[in-house]
Amino acid sequence: MLQNIQLVIDTAIADAYYMGKILYPENFKDIEPEKKINANHIPQTCGESENVSIFCDRVYWKAKTAMVMRSIDGKGISYSYAFEGSIDLSLDDVSICIAQGEMVAILGHNGSGKSTLVKHFDALLSLQKGSLKVAGLDANNTDRIWELRKKCGMVFQNPDNQFVSSIVDEDIAFGLENYDTPIEQIPSKVSEALALVGMSGFEKKSPHMLSGGQKQRIALASVLALEPEIIVFDESTAMLDPEGRKEVITTIRRLHDNEHKTIILISHYMEEAVFADRIYIMKNGRILAQGTPREILTDQVLLAEARLLPPLPVRIYYDLQKAGIILRHCPLTEEELVEELCRLN
Amino acid sequence: MNRMPIGQYIPGDSLIHHLDARVKLIAFILLISTIILTDSVPGYCSLMVLTAGLLFVSKVKLKTALGFIQSLFLFLMVIFVMNTLFFDSAQPICSWWIFHISLGGMAQGANVVLRVIFLMIFSSVLMATTAPMEAAFALKSLLRPLQYIRIPTEDLAIMISVAVQFIPVLMEETEMIRKAQTARGAKFESARLREKAASVMPLVIPIFLGAFRRADELSLAMEARGYRGGKNRTQNKQKPLRKQDILALLTAAAVCFIQAYAF
């Protein structure tokens with residue numbers, strides 16, 4: 001029994017090691033692959049932060065899914081919009097790697113290139129430089145672009161500009177019809193997709209009559225009907241009220257936890273990125289940093305450089321620190337903040 | 001803001017809702033010809049009865065069917081006045097310079113206005129009872145002969161149905177921009193024609209820009225969902241016409257025939 005547990009832990013750590021080597025090469029470069037990896041390596045692999053919980057997060061995330069498959073594998077992607085001969089790079093040598101089943105947030109200021117980057121994932125922009133594989137398909141291969149778009153769905157910012165029909169079920173069927181789905185299968189697929197976003201029974205409604213959050217969930221259902229492996233949310237909550245934002249985020253998290261979809265979330269709201277497995281920070285078309293939410297969102301200097309505001313609990317943590325009140329851990333969510341504050345007494 | 005948009009499909013369970021969309025389109029064309037062939041008082045009376053019957057059977061509310069009146073009121077008035085003033089008639093009631101007011105002119109004006117109103121009512125009923133993609137499919141199958149002269153009928157049908165469903169969105173946006181520009185001092189309400197005309201530009205340009213931006217985003221969203229033109233799409237199986245479809249078609253043809261010969 002004890003041996004079995006040891007084996008599971010060893011496997012998880014070995015997995016984490018190999019994955020870590022792919023995702024965080026600089027932190028792992030000191031460790032020889034031949035050496036037997038054991039729990040002693042944990043603090044070292046964390047680099048400077050020396051935080052065991054960060055590593056445990058990684059191990060957990062790693063152990064949760066078989067992390068050999070990579071949904072997104074991009075190297076040296078550069079892109080510039082041609083503007084009267086200007087050569088401003090919207091993307092400058094970006095390398096990004098996202099594992100299957102992972103939920104990754106890409107954060108950045110306006111014009112940092114995050115939207116341009118994800119448009120490559122869906123082959124909406126063609127590669128100018130670099131290489132990119134999405135769900136195992138080469139994004140450069142124009143013959144298989146339609147397969148790629150089936151594997152990688154995308155929900156956009158403005159819910160009103162995504163509907164092709166004024167009836168919910170016709171709109172969801174649109175994607176299915178594009179892939180020549182036999183007509184008998186369409187109704188069942190439509191209702192499955194609606195059930196996934198918690199909107200069964202809305203088949204005959206008009207999207208224009210729904211709330212913002214509901215509209216985005218319908219747009220999400222339209223994407224889900226094609227059973228994609230990866231779903232990209234390009235600031236999909238930016239135009240919603242707090243209530244709608246919560247609805248959409250809850251749905252996204254459920255898809256990640258229960259359906260094991262790879263989620264790529266572009267957002268301005270740091271509070272949404274808290275739930276991600278990993279965060280990329282972008283600035284001026286480059287990737288500034290990447291790591292777990294705990295690493296990234298508590299790093300005031302880094303966020304200031306990217307011109308982003310840390311989540312409210314983190315700001316409170318640092319404000320309290322200035323006032324001489326030191327909490328034991330930096331909280332990320334409101335619940336953690338409450339817990340830490342209660343611990344003060 | 002949330003008034004019933006014009007031309008919106010209203011899901012329902014009436015006889016008309018269940019008719020084949022192709023039949024509805026042909027019947028609509030027949031009814032339009034009927035309207036154009038009508039120009040007498042009894043003719044209009046019988047059209048009125050016909051409309052009432054249609055509204056009753058389709059369970060479309062009169063308010064929905066007449067929703068356009070408010071926005072088209074000025075247009076209708078202008079048509080009427082123009083016809084009244086400029087229609088060349090043998091016995092004008094009074095004449096001044098190039099204006100001749102005559103009974104014939106008034107009748108002509110009333111004729112045109114009534115035709116437009118009936119036309120709008122019928123198209124409201126058509127749109128309210130036919131789901132957009134169903135209409136697109138019907139249009140596609142009716143346009144099929146055009147394929148032989150290399151017209152991409154599939155794309156055309158999708159284009160029309162997408163365009164139609166954006167009308168309420170664009171109208172809402174127009175209203176919003178109008179209010180925003182009014183707040184900045186545009187004089188839409190001004191009685192002076194010069195100021196009124198000058199205020200059109202600040203309204204039209206943002207609407208066009210907005211429409212282009214929407215079109216751009218929509219095309220991205222459509223492509224992301226795998227749209228690659230009309231080909232390779234699931235083809236709805238051609239359903240044979242049922243008894244009630246043929247009956248409806250015959251009724252429309254009969255109405256057209258009777259109306260044309262009796263009045």
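The following questions and answers concern a predicted model.

Biologist: What percentage of the residues in chain A is buried?
Modeller: A residue counts as buried if 20 or more other C-beta atoms lie within 10 Å of its own. Chain A has 345 residues. The buried share of them is 44%.

Biologist: Why is strand β3 of chain A described as largely enclosed by the rest of the structure?
Modeller: β3(A) covers residues 103-108. On one side A:Met103, A:Ala105 and A:Leu107 are buried, and on the other A:Val104, A:Ile106 and A:Gly108 are buried, which leaves both faces covered. The strand is largely enclosed because the buried residues number six of the six.

Biologist: Which residue in β9 of chain A is the bridge partner of A:Val104?
Modeller: β3(A) pairs with β8(A), residues 262-267, in parallel over five bridges, and there A:Met103 stands opposite A:Ile263. β3(A) also pairs with β9(A), residues 278-283, again in the parallel sense and over five bridges. In β9(A), the partner of A:Val104 is A:Arg278.

Biologist: Which are the edge strands of the open sheet of four strands in chain A?
Modeller: The order of this sheet is β2-β1-β4-β5, with antiparallel pairing. An edge strand here pairs on one side only.

Biologist: Which residue of β2 in chain A is the bridge partner of A:Asp73?
Modeller: Strand β1(A), residues 70-79, is joined to β2(A) by six bridges, and the two run antiparallel. Within β2(A), the partner of A:Asp73 is A:Cys97.

Biologist: Which element gives the largest share of the side of chain A that touches chain B?
Modeller: The contact takes 29 residues from chain A and 27 residues from chain B. On the chain A side, α6 (145-151) and α7 (168-178) each supply at least two residues. The largest share, six residues, comes from α7(A).

Biologist: How many residues on the side of chain A that touches chain B are charged?
Modeller: The residues on that side of chain A divide into nonpolar, polar and charged. There are 10 nonpolar and 11 polar residues. The charged residues number eight.

Terms used: Residues are numbered from 1 along each chain as its sequence is written. Chains are lettered from A and ligands numbered from 1 in the order in which they are written. This is a predicted model: local features need pLDDT of at least 70, side-chain atom pairs count only at pLDDT 80 or more; totals for chains, interfaces and linings use all residues. Two residues are in contact if their C-beta atoms, placed from the backbone, lie within 7 Å. Ala, Val, Leu, Ile, Met, Phe, Trp, Tyr, Cys and Pro count as nonpolar, Asp, Glu, Lys and Arg as charged, and the others, Gly among them, as polar. Two strands pair if DSSP finds at least two bridges between them. A residue is buried if 20 or more other C-beta atoms lie within 10 Å of its own, exposed if 12 or fewer, and partly exposed in between; C-beta atoms are placed from the backbone.
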